[in-house]
Amino acid sequence: MARNKSTPPRTEQLALSELTIEQRQIEGLSLSTLVRRRFFQHKAAVTSMIILGIIIVLAFTSVGTIIGGSGRLAADTTSGQIILDGMRITGWWPFDWYHNYPITTVGGVPSWEHPFGQDTLGKDIFARVMRGIQQSLTVVALIGSIATALGVVIGAISGFFRGWLDSLLMRMTDVIIIIPGLILGAVLGRTIGGNAISLGLLLGLVSWTGLARLVRGEFLALREREFVDAARVAGASNARIIFQHILPNSIGIIVVNATLLMSAAILTETALSFLGFGITAPDISLGQIISQYNEAFKTRPWLFWWPGLFIVVVALCINFIGDGLRDAFDPRQRRMPKLSSLSRQFRELTGGGRS
Amino acid sequence: MSEKPVVIEAKNLGVDFWVDGEWVMAAEDINYSVRAGEVLAIVGESGSGKSASSMSLLGLLPVNGRALGQVLLAGEDTLKATPERIRAIRGREIAVIFQEPMTAMNPVYTIGFQIVEALKVHFPQLSRSAAKARAIELLGLVELPDPQKAFDSYPHQLSGGQRQRAMIAQSISCDPKVLIADEPTTALDVTIQAEILDLLRSLNERLGTGIILITHDMGVVADMADHVIVMKGGRVVESGTAVDIYTRPKVDYTKELLAAVPHLGTGAATGKKANDHKGETPVLSLSNVDITYPKRGRVPAFRAAEDVSIDIYPGEVLGLVGESGSGKTTIGRAVVGLMPVSAGRITVAGQDMVNVTAAQLREVRRHIGIVFQDPGSSLNPRWPIGESIGEPLVLSGRFSAQEVSDRVAELLDMVELPISYRNRYPHELSGGQRQRVGIARALALDPAIVVADEPTSALDVSVQARVLALLTAIQKKQKFAILFISHDLAVIDLLSDRIAVMHHGKIVEQGSTDQILRNPQDPYTKRLIAAVPVPDPEEQRKRRRARTTT
């Protein structure tokens, strides 16, 4: 369309704006743009993302964090105080997760000073829960990303190329499947020290097997579809066919599996800590808090409720985000589940009864 | 002729669907009656309500559907029957032959098991051995070559035509009074289609079953039907005896449907002469090509094509015709480099395809486009169609994002789709629209040759006519060559300058369209031509007689 340099008269201006609306409609959108748009229309997923973001920011800024170090308690050479080994970044919360403070209320009931309460030794539960969230989220993020990436790539290569490569990769998978993850985590967790990053890396390296099998199955079926031939005739490379053509079609199974994996990761970490192998005292994780205080359930329930609540909220957020991603990649899933659609279904049922 | 008893009668039959908060009419005011031994054909495009209204007879509507009116099966209203009663009617009184026997039969049970199951449900007193004997008798009745072997076969072990025969055997197992055949031959080749229709006809005469035949193809029903109902948009637009409908159609829509059936030898191709291409280099050349599927596990190697030689010159349309399994699709896939060749030479646009490097292959693919058979499967379901069309352009790496976007708009315009469709997904389009998208993608890079692999066999006859007209118009304008692969001679007749006939992996005959269609030499070509349905009851009857006597 030829543009007039001088300001067009009013009518033409109107026509111009109408035209741009029309043009905007026919502007070609790439897959990623469409997926992003649909994801941000998914209210539950966006809300979950915001909540998860708030939790992460809260957990890391409040009590600060610690980088490197052995995770053991040591005496500070200058002040002589007992501190945790490693580079300490402090936050805005006045209490630490490893110090004992004087108990301010009877039995350590939550108060303004210690909103989540204190335990019998006077440890601040808010600080402990925040540090626990940091550790558990680190483990979950590492397991989730490493296992998903490995599972998808190995499964995709196996299913797409088949032949000897497939046999080799699947036998390798078999070997990993027979290693019990919990025992491996326990043995290696003890030798490489109980920190969240090494634990996450380790568990991530052994928990990709199920996903690899599922992705391989999907790829075996999808690679025979005609759109793969069509892409090949168009000149697409193998990498493009795998990642741009087939992967979006198997995203449903990947997302469902990845969210399950991440929820399971919280539990694995909890189990290891409970056995005393994963993240060990004086450092803390959500699972460890629960296992440590399991005898105080009746007398000091706040020791339970807060870590438990955060485990549930984090797991729910991850699942909703996964749900949103799955829906965004599936073009058939157009409408969001709404109350109005439920009432419509109800009317449908009653209307059906009339005939 | 004495009046036979009416077996089923529909009075003011209607079907509604609950969509987005209101009842949407799918069919309305349908009245018909079928007498024993009669065939009623219901003809209409997809979405005309022909299937929905027939399925409502059996209470097989989806949960959001409801049926109105009255259906009398020997005096009993099936629409008001209890679920127990309707279950007893299904299979026993009214049986159905579905369109796609591969999906309608359970792949994990043998054919025999499924027939015995149907028998045992309705005749619980029947012993297992008696049921088996009856099943084998039925399989013989539908003219399966080896009933005992078919009894023990799984659906995937039979060919398409054999599966449909087994399906028919199952549906007639309880001697139903009414047989609903829902597009029974749409998924089959022309020659097999003719055989299945002959079988239905003879069963109908022998058993005295009333048949309701649902189809979109006026050619199919010409010799089958006694009465014809033409439906459009859920309403009956015309009804009458077959002879009346075919010779004196009153409504424009019926005339349109009749015209959409490709007539062999009456198409625009008549009188067209194959040009002399001496001195020109062919854009596609196959010489003595063999293609073998390698041995895999216990499956022995299979030679799909043998000693095939074809030349296609620039701007020429070559029709490659043959039954399924004749190797024609294999040839198409070898031409675009999706199948390795075991012997011989293929040259596309001057590039030898046998010893081709990956880089050369990428280069030569800019000159080839391919339109696949099933547009539902050949477009990536997770990609907006604009992306699918633009992919060859993006991959060629010679265009900026803006140029790709403009070209996609231009291509959509060329195949007569609104440009706003570019952001839609394949499932939001109809079959015909999807195939237009497939054509647009094939033409994206202005190819010198387009391989069209049965591009219209998945479409309704009327939609097929429109897509073919579009393809011809674009081809006339842009002058690319087409290798048109089809099992339907009538379709090939509309388009092609030359025809090659393939049978069991070999080219049995090759020549100009006129030569092949007016003066076929090979007996297989003759058989193929005789099987093409013609929308004329008299002509069809003559042909069937010729078929059965030979």
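Pairing here asks for at least two bridges found by DSSP between the strands. Helices (H or I, at least four residues) and strands (E, at least two) are DSSP runs, numbered from the N terminus. Zoom in on B:Gly14, and you will find B:Leu68 of β4(B) opposite.

A word on what is on your screen: this is a predicted model, in which local features need pLDDT of at least 70 and side-chain atom pairs count only at pLDDT 80 or more, while totals for chains, interfaces and linings use all residues. Residues are numbered from 1 along each chain as its sequence is written, and chains are lettered from A and ligands numbered from 1 in the order in which they are written.

To see one bridge, pick B:Asp16 and look for its partner, B:Met25, in β2(B).

Next, select two helices of chain B: α8 (residues 190–207) and α21 (residues 523–531). Their axes come within 8 Å and cross at roughly 60°; axes are lines fitted to C-alpha atoms, for helices over the stretch in contact, with angles from 0 to 180 degrees between N-to-C directions. The two helices α8(B) and α21(B) are therefore oblique to each other, a term for angles that are not under 35 degrees (roughly parallel), over 145 (roughly antiparallel) or 65 to 115 (roughly perpendicular). Show B:Val190, B:Thr191 and B:Ala194 in α8(B), which meet B:Arg527, B:Leu528 and B:Ala531 in α21(B). Contact means that C-beta atoms, placed from the backbone, lie within 7 Å.

Now bring chain A into view. Which elements of chain A give two or more residues to the side that touches chain B? Here, 29 residues of chain A are in contact with 36 residues of chain B. The elements to highlight are α1 (10–26), α2 (31–41), α9 (226–233) and α14 (339–354) of chain A.

Finally, show chain A on its own: look for 14 helices and 4 strands. Of its 355 residues, 36% count as buried, with 20 or more other C-beta atoms, placed from the backbone, within 10 Å of their own.

Technical notes
Two residues are in contact if their C-beta atoms, placed from the backbone, lie within 7 Å. A residue is buried if 20 or more other C-beta atoms lie within 10 Å of its own, exposed if 12 or fewer, and partly exposed in between; C-beta atoms are placed from the backbone.
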